[in-house]
Amino acid sequence: QVQFVESGGGLVQPGGSLRLSCVASGSMSKIFSMAWHRQVSGKQRELIAKITKDNSTNYADSVKGRFIISRDHAKNEVYLQMNSLKPEDTAVYYCNVVNSLGVALGIWGQGTQVTVSS
C-alpha cells in the first residue's frame with residue numbers, strides 16, 4: 001500500500017501563493033497517476049489536480065489557471081503550486097495515487113491545512 005505525507009500548508013492572504021509537497025512511499029506512485037485532493041469541513045473530498053506518469057496534467061475548473069501540479073519521479077514526490085489564492089480555497093489538502101477513473105488507491109495521509117484569509 002502507498003502512504004503519503006503532505007506538507008507546506010499554512011495561513012495566507014487572498015491573492016497569495018503556497019507550494020504544497022507530498023512524499024509518497026511504495027512503488028505504486030511510480031506507475032500510477034498522482035493527484036491532489038482537497039476537503040472542506042463537512043463536504044466531500046474533491047480531486048483538483050492530476051498528473052500522469054508521463055506528466056500530462058489536468059485540473060478542476062475551480063483551480064485551472066491558478067494551480068500547477070508537478071512531480072519528481074526520482075524523489076517520489078508531487079507538488080502543488082497554488083497562486084492567486086482565494087478564501088474558497090481554504091481546505092485540507094491531500095495527495096494520493098489515482099486510477100484512470102480518478103479513484104484514489106492509497107492510504108490517505110493527514111493532509112495539510114490551507115487557510116486563505118485576510
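## Disulfide

C22 and C95 form a disulfide, with an S to S distance of 1.7 Å. The term covers a pair of cysteine sulfur atoms within 2.5 Å. Across the whole structure, the search finds 1 disulfide. C22 lies in strand β3 and C95 in strand β9, 73 residues apart, so the pair links distant parts of the chain; strands are DSSP runs of E, at least two residues, numbered from the N terminus.

The torsion about the S-S bond of C22 and C95 is about 45°, so this disulfide is right-handed. Both C22 and C95 are buried (under 20% relative accessible area, 1.4 Å probe, protein chains only).

## Model basis

This is a predicted model: local features need pLDDT of at least 70, side-chain atom pairs count only at pLDDT 80 or more, and totals for chains, interfaces and linings use all residues. Residues are numbered from 1 along each chain as its sequence is written, and side-chain values use heavy atoms, without hydrogens and water.

## Nonpolar core

The largest nonpolar core has 27 residues. Such a core is a set of buried Ala, Val, Leu, Ile, Met, Phe, Trp, Tyr and Cys residues joined through side-chain atoms within 4.5 Å. W36, I48, L80, M82 and Y93 touch the most other members. Strands supplying at least two core residues each include β3 (18-25), β4 (33-39) and β9 (91-98).

Beyond its neighbours within four places in sequence, I48 has contacts (heavy atoms within 4.5 Å) that include W36, F67, L80 and Y93.

## Strand β1

Side chains alternate along β1 (residues 3-7). F4 and E6 point to one face and are buried.

β1 pairs with β3 in the antiparallel sense over 5 bridges; pairing requires at least two DSSP bridges between the strands. V5 stands opposite V23 in β3.

Terms used
Buried < 20%, exposed > 50% of the residue type's maximum accessible area, 1.4 Å probe, protein only. Helix = DSSP H or I, 4+ residues; strand = E, 2+ residues; numbered from the N terminus.
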